[in-house]
Every structure is written in structure tokens, then in C-alpha cells.
Amino acid sequence: MRHFLPNGEELIIRPPVITDAIGLLRNFQRMTQETDYLLFTPGEALEMTERSEEDYIRTYLDNPNQLMLVAIVNDTLVGSVTVNHSGYQKKAHIAEMGIAVERAWGSLGIGRRLMTAMLRWAEQHEKIQLIHLQVFGNNDKAMHLYRNFGFLECGRLPNGIQQKDGQYIDLVTMYRRVKP
Ligand SMILES: CC(C)(COP(=O)(O)OP(=O)(O)OC[C@H]1O[C@@H](n2cnc3c(N)ncnc32)[C@H](O)[C@@H]1OP(=O)(O)O)[C@@H](O)C(=O)NCCC(=O)NCCS
């Protein structure tokens, strides 16, 4: 899907191909350096390899219950959204999403477009009835984005995250029904 950013640049949102592995890896490594709102630390992201990213992409391409969409600007992978399925039959109707957009490309509506495309996929999926996610309780921007799309807070694990400076942050669960 082609879009245009407010600055006129072209944004492409599409499923990944295996050769996106290096772009996805670099994007993720840059993101863990610039934000504390992801679960991975920069050190953990540095342990990933192009090969492990190829395998990671395959887990989405090979599973119709999972989704990855990547956001490309100027041939650079700048963000992604994922929907993960547990594989358990008893949880066949629910799936967990995650999203990340690099700061240099932030607040241009890329997150909104990734969310829109992800929800369209989930609404058309034959089994998925509900999407849930976890977000750090101090991540106001992400929670604002999720609320814009009708996600509601349904739980909070007190001090569920400990940042590198020792500070504890609640881990918030949000959900949205995608079928009536
Ligand atoms: C959260 C994230 C995905 C948003 O992506 P994005 O492309 O910048 O989002 P958009 O430009 O589409 O929309 C951002 C919205 O947040 C709002 N916003 C910006 N800064 C904000 C802030 N500090 N507090 C609350 N809302 C804020 C914008 O106004 C916009 O809302 P609007 O459409 O109602 O005006 C991105 O910032 C990101 O990846 N952050 C780091 C990783 C992360 O937090 N991932 C989510 C983990 S749960």
C-alpha cells in the first residue's frame, strides 16, 4: 500500500520479504538505542543476526495466523507492526500486537497507518476476535495511539518493568475487539 507523508515522501506499507532481514535488524538495533519503551535492550538487539531475522520473518510468512507489515521510506525500513498468535487452540481467537516506528520518522502518521492496516487484516481474519498488547505505563504516545484505535486498558502489572536506571514501571495490558 502506497501513502504519502506530510513532507511529500512516499511511504510503502507491505508484508516483508526475506531480503528485508538486514533492514529489519538495523531498524530494530537503532530503535533499541533511541527508546526505552521496547522490551529488548540494545545489547540483546546486538546479539541478533541477519540470519536470525530471516528466520523471524519466516515465522510470519509461514503462519496465516500471524502478521508482519513493514514501513518503508526512501528504501529504508523505518517501522513495523506484528501480530503474534500463541498457537494454542484455546487462544485461537486472540492475538498480540506490537508496533515500532523510528524516532526520525515519528509523528508523521506512520504508526496510525500501520495500525489501520493491521486492524483491517485482523478484522478479515477468520478466527481472530480480539487483539491485545502490552505497553509500558509511562509510554503516553503509544497509549494515545492505541486509544485512538479503540483499545482499552484492562490490566496493569505494578512494577512489571525495571529500566536500566533501576526505575520500575507498570506494565499495562490493552485490548480491542475486532469482531462484534
Ligand atoms: C508509539 C509509536 C509506534 C507511534 O508511531 P508514530 O508513527 O510516531 O505515530 P503517529 O504519528 O501515527 O501518531 C502519533 C500520535 O501520538 C500523539 N503523540 C505524540 N507525542 C505524544 C505524547 N508525548 N503523548 C501523547 N500523545 C502523543 C500524536 O499527536 C499522534 O496522535 P494524533 O493522531 O491523535 O494526533 C512510535 O512512537 C514508537 O515506535 N515509539 C517507540 C517504540 C514504542 O513505544 N513502541 C510501542 C511499544 S508498546
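Where is the place of Asn74? Asn74 sits in the loop between strand S3 (67–73) and strand S4 (76–84).

## Basis of the model

This is a predicted model, in which local features need pLDDT of at least 70, side-chain atom pairs count only at pLDDT 80 or more, and totals for chains, interfaces and linings use all residues. Residue numbers start from 1 along each chain as its sequence is written. Helices (H or I, at least four residues) and strands (E, at least two) are DSSP runs, numbered from the N terminus.

## The loop between S3 and S4

Asn74 has a phi near 50°, a positive value in a residue other than glycine. Asp75 lies in the loop between S3 and S4 as well, and its phi is also positive, at about 65°, although Asp75 is not a glycine.

A residue is called buried if 20 or more other C-beta atoms lie within 10 Å of its own, exposed if 12 or fewer, and partly exposed in between, with C-beta atoms placed from the backbone. Asn74 is exposed because it has 9 other C-beta atoms within 10 Å. Asp75 is exposed because it has 7 other C-beta atoms within 10 Å.

## The sheet

Strands of a sheet pair through backbone hydrogen bonds, either parallel or antiparallel. Here two strands are taken to pair if DSSP finds at least two bridges between them. Eight strands make an open sheet with mixed pairing, in the order S1-S2-S3-S4-S5-S6-S8-S7. Strand S1 (2–4) and S7 are the edge strands, each pairing on one side only. From one strand to the next, the twist averages 25°, where axes are lines fitted to C-alpha atoms (for helices over the stretch in contact) and angles run from 0 to 180 degrees between N-to-C directions.

S3 and S4 are antiparallel and share seven bridges; Leu69 has Val81 in S4 as its bridge partner. Strand S6 (residues 130–136) pairs with strand S8 (residues 168–177) in the antiparallel sense, over seven bridges, and Phe136 stands opposite Leu171 in S8. Strand S7 (residues 152–162) and S8 are also antiparallel, over seven bridges, with Glu153 opposite Met174 in S8. A hairpin is formed by S7 and S8, with five residues between them, and Gly166 in the turn has a positive phi of about 95°.

## The ligand shell

The ligand is surrounded by 21 residues, of which the closest are Tyr37, Gly106, Gly111, Arg112 and His144. A residue counts as near a molecule or strand if its C-beta atom, placed from the backbone, lies within 6 Å of it.

Strand S5 (94–101), helix H4 (110–124) and helix H5 (140–148) each supply at least two residues of this shell. H5 gives the largest share, six residues. By type, the shell holds ten nonpolar, eight polar and three charged residues. Ala, Val, Leu, Ile, Met, Phe, Trp, Tyr, Cys and Pro count as nonpolar, Asp, Glu, Lys and Arg as charged, and the others, Gly among them, as polar.

Phe40 lies in the loop between helix H1 (21–34) and helix H2 (42–46). Phe40 counts as partly exposed because it has 14 C-beta neighbours inside 10 Å. Leaving out residues up to four places away in sequence, Phe40 touches Thr32 and Ala45, contact being C-beta atoms, placed from the backbone, within 7 Å. Phe28 is twelve residues from Phe40 along the chain, and their C-alpha atoms are separated by 9.2 Å.

Ser52 belongs to helix H3 (residues 50–61). Ser52 counts as exposed because it has 12 C-beta neighbours inside 10 Å.

Definitions and conventions:
Two residues are in contact if their C-beta atoms, placed from the backbone, lie within 7 Å.
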